[in-house]
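Dear colleague,

Please find the structure below, handed over for your own study. My findings follow directly after it.

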Amino acid sequence: MADGTRSLTTRQGHPVPDNQNTRTIGARGPATLENYHFLEKISHFDRERIPERVVHARGAVAFGEFEATGTWGDEPIAAYTRAKIFSEAGKRTPLAIRFSTVIGGRDSSEAARDPRGFAVKFYTEDGNWDLVGNNLGVFFIRDAIKFPDVIHSLKPDPVTFRQEPARIFDFMSQTPESMHMLVNLFSPRGIPASYRTQQGFGVNTYRWVNAEGVSHLVKYHFYPHEGVKSLTEEDAANIQAGDLGHASKDLYEAIERGDFPKWDLYVQMMEDHDHPELDFDPLDDTKVWPEELFEPKLVGTMTLNRNVSDHHNENEQIAFGTGVLVDGLEFSDDKMLVGRTFSYSDTQRYRVGPNYLQLPVNAAKVDVHTNQRGGQMSYGVDLADGQNPHVNYEPSTMGGLAESAKPGHGEVGPEINGRLTTARIPRTNDYAQAGERFRLMEDWERDDLVKNLVANISEATREVQERMVWHFFMCEDELGQRVGEGLGITADDVRGLEPLATQTLSEEELERARNLG
Ligand code: HEM
């Protein structure tokens, strides 16, 4: 028996003198139904799990802080954004981060070839700001309407429940904008050695807005102080034979021993318009912005210094979203971003519940006053000091909440006109950056990429294999040749293929298609 302070109770506060034996009539049963302690214990257990995330189910959470430089490079940051988190040198903001894999379930391998999620929640003085990114800097698709399809192709087959490369490359072969992501994902970068040794990118394009209402387009990049380290397929196989959770373990143990991981946050910026001089669209998340044209400049450093105290409360239930922005940080018209912004809070209302923002890990660390009431698991009412508790509507003359002060700046961003349409963006340019990425790799990375692509694409149909080789020739001759060699396909075999019906190729790309190899 424990001393008084540690003795077991039910959730009703009743003491539990016997936690070993069900209450029965006689020592051998039958059991009685009025046994409150047993019923509470077993029925709570029956409900212990919530639905896992539909993507990014496996992850690791840590807490820490962000320290701002107060500048963007040499310039005061206030010239570009009025967001208070960045405003002064040395300013610190608490944060939570969740690293994740994407496709596997919540107990799956952390050595899988898979993008890694990099989701940061900054608890700022203006409310929460979430930056929900990945480690590869680009994505498979550029329009949110394709997200369920790309994820279905990557998730297990609905019949065999096995991840099938034939299905993945069936979809990707019809989705040329995925080439840049695939060249990254099947290279060693596709299996980071640990969460501490991976980059983090916002990927989508956002806006910064200053006190005058002037906006700029921005992209976010986190660089780890530990450097970037990756695993080959063989390294990964060895690790996951012994441990499916090596990356969570590595992060947890580093923080426990006081070896606090750090990342510098850099921001790329361009003027807020569509940049017709570029051969890509600045709102296209399958593209990176060339660093020689748009230099990433330091804005602060993130340090992780505390582990979770409970996995369920602080990891399963933490909820990030791209709509969670603060004053001075804005959306762009990136089509992915709009779709993502609906999807995150939608799934969280289902997965965690309609009051998910009342949970401590998700709640803003500032006063919150709303007229939202009720819903499952609601507790507490976010009344303002002096608010009439009878008034949960607005406007009112009886002491309810009122709208906040109007911002002191004008409308944000450029004026936009256009017809309602379902057209794809004009500057798709699906191959150039994928080819460039391939050329920038070291020899061993190129070898590894080709090996991994051949091993996976060889499981696809001949038609899919040929289309993939055609795409790779369009990216870079050497990539097409080498993957083709591994699959027994030459440039002559694929030169006659027509572009996909869903593709618009530029003159330059058509020329390339005619002269493959
Ligand atoms: C998680 C949707 C694209 C990064 C999720 C979740 C959904 C989702 C529904 C589960 C959230 C939850 O249960 O809490 C979408 C849609 C996308 C999209 C509809 C495209 C239209 C992206 C992109 C990135 C990304 C481009 C990377 C830049 C993440 C991350 C998580 C996540 C990091 C895990 C957050 C966490 O750790 O809780 N996404 N996603 N997603 N997504 Fe996306």
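Predicted model: local features only at pLDDT ≥ 70, side-chain atom pairs only at ≥ 80, totals over all residues.

Asp149, Val150, Ser153 and Leu154 of helix H2 meet Arg167, Ile168, Asp170 and Phe171 of helix H3. Sorted by class, this contact of H2 with H3 holds 4 nonpolar, 1 polar and 3 charged residues.

In general, the packing of two helices is described by two quantities, the angle between their axes and the distance between those axes. Here, H2 spans residues 147–154 and H3 spans residues 165–173. Their axes come within 7 Å and cross at roughly 150°. Because angles over 145 degrees count as roughly antiparallel, H2 is roughly antiparallel to H3.

Which residues come nearest to the ligand? Of the 29 residues around the ligand, these are His56, Arg98, Gly117, Ala144 and Val203. By class, the shell divides into 14 nonpolar, 10 polar and 5 charged residues.

Several elements each supply at least two residues of this shell: strand S4 (92–101), strand S5 (116–124), strand S6 (127–134) and helix H8 (335–351). Helix H8 gives the most, with 8 residues.

Finally, there is an annotation to consider. An unreviewed UniProt entry places the feature "domain: Catalase core" at residues 9–402. In the model, the C-alpha atoms at the ends of residues 9–402 lie 44 Å apart, and the span is 20% helix and 20% strand.

Yours sincerely

How values were computed:
Residues numbered from 1 in each chain as written. Near = placed C-beta within 6 Å. Helix = DSSP H or I, 4+ residues; strand = E, 2+ residues; numbered from the N terminus. Nonpolar A, V, L, I, M, F, W, Y, C, P; charged D, E, K, R; others polar. UniProt positions renumbered as here; feature names shortened; annotations may be inferred. Axes fitted to C-alpha atoms, helices over the stretch in contact; angles between N-to-C directions. Parallel < 35°, antiparallel > 145°, perpendicular 65-115°, else oblique. Contact = placed C-beta atoms within 7 Å.
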